[in-house]
Amino acid sequence: MRFLPLITFLFLIACSTPYDLKKTDPKITYVTSKPANDVKKCILDKWRLHLTNVHEEEISEGYMVRFNDTLENATVAIVTIESMGPEVNVNYYHRTNRIKLERLEEEVKACK
């Protein structure tokens with residue numbers, strides 16, 4: 001029982017929120033002429049084929065797609081899809097180098 005506070009602390013610092021991830025450098029970044037909604041739908045469709053905890057939300061200039069671990073506040077990867085005039089900026093962020101994420105990266109690139 002004396003290790004419970006330490007375990008709880010370590011668990012909490014391992015969790016990332018989407019906003020924590022956005023403070024890091026993106027792993028992938030690109031600009032596309034596709035509409036933001038089309039890019040969002042493409043990524044969502046691909047991720048939802050093999051992931052169950054994928055969410056979307058509107059942000060000020062477009063959309064954010066996020067993949068959470070089993071806990072809601074443990075975000076593993078996000079993609080921001082932001083309209084900037086006629087172009088759309090896409091940024092992919094993640095908190096781990098698990099093999100599963102290589103597939104996510106390829107799917108983000110495929111929606112270019």
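This is a predicted model: local features need pLDDT of at least 70, side-chain atom pairs count only at pLDDT 80 or more; totals for chains, interfaces and linings use all residues.
**Reading a sheet and its core**

Me: How many bridges join β4 and β5?

Reply: Strands of a sheet pair through backbone hydrogen bonds, either parallel or antiparallel. Here β4 and β5 pair in the antiparallel sense over 8 bridges. Strands (E, at least two residues) and helices (H or I, at least four) are DSSP runs numbered from the N terminus, and two strands pair if DSSP finds at least two bridges between them.

Me: What is the strand order of the open sheet?

Reply: Its 5 strands run β1-β5-β4-β3-β2, with antiparallel pairing. β1 and β2 (54-59) are the edges; each has a single partner strand, so one side of each lacks a neighbour in the sheet. On average, neighbouring strands are turned by 15 degrees against each other, direction ignored.

Me: Which strands does α3 lie across?

Reply: α3 lies across β1, β2, β3, β4 and β5, and runs at about 10 degrees to β3. Axes are lines fitted to C-alpha atoms, for helices over the stretch in contact, with angles from 0 to 180 degrees between N-to-C directions.

Me: Which residues of the largest nonpolar core touch the most other members?

Reply: In soluble globular proteins, nonpolar side chains tend to be buried together. Of the 24 residues in this core, Ile43, Trp47, Val79, Ile81 and Tyr92 touch the most other members. A nonpolar core is a set of buried Ala, Val, Leu, Ile, Met, Phe, Trp, Tyr and Cys residues joined through side-chain atoms within 4.5 Å. α3 gives the most to it, with 6 residues. Another core, of 5 residues, lies apart from it and includes Leu21, Ile59, Met64 and Ile78.

Me: Is Lys40 buried or exposed?

Reply: Lys40, in helix α3, has a relative accessible area of 11% and is therefore buried. Buried means under 20%, exposed over 50%, partly exposed in between (1.4 Å probe, protein chains only). Neighbours within four places in sequence aside, Lys40 is in contact (heavy atoms within 4.5 Å) with Glu56, Tyr63, Val65 and Ile81.

Me: Where does Thr70 lie?

Reply: Thr70 is in the loop between β3 and β4. Its relative accessible area is 74%, so Thr70 is exposed.

How values were computed. Residues are numbered from 1 along each chain as its sequence is written. Side-chain values use heavy atoms; hydrogens and water are left out.
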